[in-house]
Amino acid sequence: MMDVKEAFDSLARQEGPPSTTNVHRAMAAGRAVRRRRRAAAAATSAAGVAAAVLLAWSVQPWAERQNGVVASAPTPPTAPVTITVTPRPAYKGFAELKKKHPPKGKIASVPPLLMWVSDAPRKGHLLLCESGPNGGSCSSFPPLTKEFARIQGRGKDVRFGIANDDVHAVTAVTKDGRRFQANLARNVGPELGLWAIEYPPGTDVLRLVITDAKGKTLQKIAG
């Protein structure tokens, strides 16, 4: 009823007194007013939905958008797992040598050898045992005194020995100026490390250079 009255009043202002107003035109005008109101309400609702969608998109973390697709939030990485593998030597005679001369400490993998320290029959001495592709052996040695390192044995294209805890590197220097770094295992025995160095066949080693943690030369051993 209010829509029809508003339509009558509008027409009355435009066309004259209410008595001259066409009733059908007034009813049509009322319907038009109602359509405009419904359209306006629908537009407002649609705008609200669009704004909500835009807001939801804007608060998504930028790192979660990938090629226009919102991905799941990344899972924090777990701590890395360290797997320690115990070497399983297949060298011939290793088991027998180990049984005969049990390790005093740990067995060190010093490529290309497996090496360990054992008690020697002679008082004050130790045994350096090594097992490699060409077999194995044990040799007695007295404690290091004024020396920092010592060559304890030679094999095919390999030299090996002992060193005290001050030693951090053993380097072979050839006559033609090449340098080969030894593999060094520290703290294998009591205040004792073991080293082995493999070099190409026919290499003429001039000397071994023994250095500390800062690279300072502690000792030189003739090759």
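L192 counts as buried, at 7% relative accessibility; buried here means under 20% relative accessible area, exposed means over 50%, and partly exposed covers the range in between (1.4 Å probe, protein chains only). The model is a predicted one, in which local features need pLDDT of at least 70 and side-chain atom pairs count only at pLDDT 80 or more, whereas totals for chains, interfaces and linings use all residues. Residues are numbered from 1 along each chain as its sequence is written, and side-chain values use heavy atoms, with hydrogens and water left out.

L192 belongs to strand β12 (residues 192–198). Strands (E, at least two residues) and helices (H or I, at least four) are DSSP runs numbered from the N terminus. Leaving aside residues up to four places away in sequence, L192 touches V117, L126, F141, L144, I162, A163, D165, R186 and N187, a contact being heavy atoms within 4.5 Å. For D165, the C-alpha to C-alpha distance from L192 is 5.8 Å, although the two residues are 27 apart in sequence.

N187, one of the residues touched by L192, lies in strand β11 (residues 183–189). N187 is partly exposed, with a relative accessible area of 45%. The backbone of N187 has a phi near 60 degrees, a positive value in a residue other than glycine. Most residues other than glycine have a negative phi, and most peptide bonds are trans. The peptide bond from P111 to P112 is cis, with omega near 10 degrees; P112 is found in the loop between β3 and β4.

L192 also belongs to the lining of the largest pocket, together with L126, F141, P143, L144, N164, D165, P190 and E191. By class, this lining has six nonpolar, one polar and two charged residues. Ala, Val, Leu, Ile, Met, Phe, Trp, Tyr, Cys and Pro count as nonpolar, Asp, Glu, Lys and Arg as charged, and the others, Gly among them, as polar. The space in the largest pocket is about 210 Å³. A pocket is an open set of points on a 1 Å grid over the protein atoms alone, where a 1.4 Å probe fits and protein lies on both sides within 12 Å along at least five of seven lines; lining residues have an atom within 4 Å of a point. Grid points are joined across faces, edges and corners, and a volume is the space filled by probe spheres set on the points.

The second largest pocket has a volume of about 160 Å³. Its lining consists of 15 residues, of which L113, N134, G155, K156 and V158 lie nearest the centre. Strands β5 (126–132), β6 (135–141), β7 (149–155) and β8 (158–164) each supply at least two lining residues, and β6 gives the most, with three. The lining of the second largest pocket has five nonpolar, six polar and four charged residues.

Charged side chains form a further set of links. Side chains of opposite charge can pair when their charged atoms come close. The structure holds four salt bridges, each defined as a side-chain nitrogen of Lys or Arg within 4 Å of a carboxyl oxygen of Asp or Glu. In one of them, the side chains of K104 and D119 meet at 3.5 Å, N to O. This pair links distant parts of the chain, with K104 in the loop between α3 (94–100) and β3 (108–110) and D119 in strand β4 (residues 113–119), 15 residues apart. K104 is partly exposed at 35% relative accessibility, and D119 is partly exposed with a relative accessible area of 47%.

E147 forms a salt bridge with R150, the closest N and O atoms being 2.8 Å apart. Here E147 is partly exposed, with a relative accessible area of 29%, whereas R150 counts as buried at 15% relative accessibility. Another salt bridge joins the side chains of R178 and D176 at 3.2 Å, N to O. R178 is partly exposed at 37% relative accessibility, and D176 is exposed, with a relative accessible area of 53%.

For the whole protein, the secondary structure comes to three helices and 14 strands. Buried residues make up 33% of the 223 residues. Of the contacts with a separation of 6 or more, 43% are between residues 24 or more positions apart.
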